[in-house]
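Student: Could you show me how to read the features of a protein model, taking one at a time and giving the general idea before the case?

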Amino acid sequence: MRRILASSAVVALTACALTASPTQAATITTSGVGWKLTSQLGVTSLSPSKTYTLTFATETMRKRYTPLLAPAVAQINAAGVHLKVGGVEPVNPAKCGPAYHVQITELYRPLGRAGFSQGMPCPNPPKGVGIGGIVAIDSEYWTGFPIPVHILRNTLVHEPLHALGLDHPNTADKAGKLIDYKCVATSYGNMPIMCSPNGGYKAATSMGHLTGYDLNGLKALLANARAQGIK
């Protein structure tokens, strides 16, 4: 159930250097209230003009995930990111697929722990502009794993947001380790969907939706691109 940005299931993606250039560092913002970017993986922006496409490893997955992702896709587009739901294509979890594709597949315990899924962007893209990534959803969710429906719906959105460039915005302790569940919350107690573990809305009418904090993170990814003159 916890959603962690890590490298165990997509080892080859972490082979590149994970640093931003000095030019980028002078012109971008990588964190704010309730949001954080995956700058440690070299992703600090999204293209304001390119269209990002969600694709799936099988037709069964496409049919399963498309309706569950639809509310978040609409929000992401309203925030200014061009994102569409595509079709089926081969997915190799060990490497990135076509540029600007967020590829979704299912693996049994991709992080080696029951209920844990994974999403991450292709690391260190040119100028820090995200080019998509890989999402591996724990296949146990669909075989009787006892996951509450709101956590399931939020997880299915949380992981693609990692692939687009958002990280966990949790507060860190003195040693720099992120504290579970420790995130800013609205006056109603709603934490960002990117909070780890199990952030996002709980109500049936809003689960699977991004909060304002998450939307601000996406807008920052676009603003960083524009600050660098990327169209």
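Student: Is Y100 buried, exposed or partly exposed, and why?

Tutor: Buried means under 20% relative accessible area, exposed means over 50%, and partly exposed lies in between, with a 1.4 Å probe and protein chains only. Y100 has a relative accessibility of 21%, so Y100 counts as partly exposed. This is a predicted model, in which local features need pLDDT of at least 70, side-chain atom pairs count only at pLDDT 80 or more, and totals for chains, interfaces and linings use all residues. Residues are numbered from 1 along each chain as its sequence is written, and side-chain values use heavy atoms, with hydrogens and water left out.

Student: Where does Y100 lie, and what is its phi?

Tutor: Helices (H or I, at least four residues) and strands (E, at least two) are DSSP runs numbered from the N terminus. Y100 sits in the loop between strand 4 and strand 5, and its phi is near 70 degrees, a positive value in a residue other than glycine. N124, in the loop between strand 6 and strand 7, has a positive phi near 55 degrees, and N124 is partly exposed at a relative accessible area of 30%.

Student: In what order do the strands form the sheet?

Tutor: Strands of a sheet pair through backbone hydrogen bonds, either parallel or antiparallel. Pairing is counted if DSSP finds at least two bridges between two strands. Here 5 strands form an open sheet in the order 4-3-5-7-6, with mixed pairing. Strand 4 (82-88) and strand 6 (118-121) stand at the edges with a single partner strand each, so one side of each is left without a neighbour in the sheet. Strand 3 (residues 51-56) pairs with strand 4 in the parallel sense over 5 bridges, and T53 has K84 in strand 4 as its bridge partner.

Student: Which residues of helix 2 are buried, and where does the helix have a kink?

Tutor: An α-helix has 3.6 residues a turn, so residues three or four places apart point the same way. In helix 2, the buried residues are M61, Y65, L68, L69, A72, V73, Q75 and I76. A bend at a residue is the angle between axes fitted to the seven residues ending there and the seven starting there. In helix 2 a kink of about 50 degrees lies at A70, shortly before the proline P71.

Student: Which residues does a cis peptide bond join?

Tutor: The cis peptide bond joins S196 and P197, with omega about -10 degrees, and P197 is placed in the loop between helix 3 and helix 4.
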